[in-house]
Amino acid sequence: MRKITIIFILFCIVFVSCSQRQIPFNKKQWMREKNRFYMTDSLIKKLNEDKPKRAEIFDLLGKPKLEGRISDNEASYWLKSDGFLAMWELYIDFDDNGNFKSAVVAYAD
């Protein structure tokens, strides 16, 4: 019984350590494309609180590297890859006046 308890505790420790960790948004790391995926919770919270305009978001995050990732009402940023063709992206929506509307993280495969 003791052996099972020890194995269960070790399993729980490994599971918790492998779960998604979140870190505060850091502009320098974002620009270097480092840990972007792990900053999304705090970034989205900041965007929802501040309600920045499109130009302010581009000042904060930089323009997406590919022009195809920018449209009149949306911009998307690469976060991380999960394999050859699958990746995580941050999609930011704007209203017709260029004001922040919403942001969501999505898995694209």
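## Aromatic contacts and the nonpolar core

K80 lies over the face of F37, with 4.4 Å to the ring centre. The model is predicted.

| Charged residue | Ring | Distance to ring centre |
|---|---|---|
| K80 | F37 | 4.4 Å |

**Ring pairs.** The structure holds six aromatic pairs. In one of them, the ring centres of F58 and F94 are 6.5 Å apart and the planes meet at 70°, so this pair is edge-to-face. The pair ties together distant parts of the chain: F58 belongs to helix α4, F94 to strand β2, and 36 residues separate them. Both F58 and F94 are buried. Elsewhere, ring pairs join F37, Y38, W88 and Y107 into a cluster. F37 of that cluster is the ring under K80.

**The core.** The largest nonpolar core counts 20 residues. W30, L61, Y77, L90 and I92 have the most contacts inside it. Five elements each supply at least two of its residues: helices α3 (36-50) and α4 (54-61), and strands β1 (74-81), β2 (87-94) and β3 (100-108). The largest share, five residues, comes from α3.

What does I92 touch, leaving out residues up to four places away in sequence? Its partners are L47, I57, L61, N73, E74, A75, Y77, F100, S102 and A103. Among them, L61 and Y77 are, like I92, named for the most contacts inside the core.

**F100.** This residue is in strand β3. Is F100 buried or exposed? Its relative accessible area is 6%; buried means under 20%, so F100 is buried. Beyond four places in sequence, F100 touches L47, N48, K51, P52, I57, I92, D93 and F94. L47 and I57 also touch I92. The C-alpha atoms of F100 and K53 are separated by 5.6 Å, although the two residues are 47 apart along the chain.

**The β2-β3 hairpin.** Strands β2 and β3 run antiparallel and are joined by eight bridges. Y91 stands opposite V104 of β3. Five residues lie between the two strands of the hairpin, where G98 takes a positive phi near 85°.

Methods: Residues numbered from 1 in each chain as written. Predicted model: local features only at pLDDT ≥ 70, side-chain atom pairs only at ≥ 80, totals over all residues. Heavy atoms only, no water. Core = buried A, V, L, I, M, F, W, Y, C linked by side-chain atoms within 4.5 Å. Buried < 20%, exposed > 50% of the residue type's maximum accessible area, 1.4 Å probe, protein only. Helix = DSSP H or I, 4+ residues; strand = E, 2+ residues; numbered from the N terminus. Contact = heavy atoms within 4.5 Å. Pairing = 2+ DSSP bridges. Phe/Tyr/Trp six-rings, centres within 6.5 Å; stacked < 30°, edge-to-face > 60°. Lys NZ or Arg CZ within 6 Å of the ring centre and 35° of its normal.
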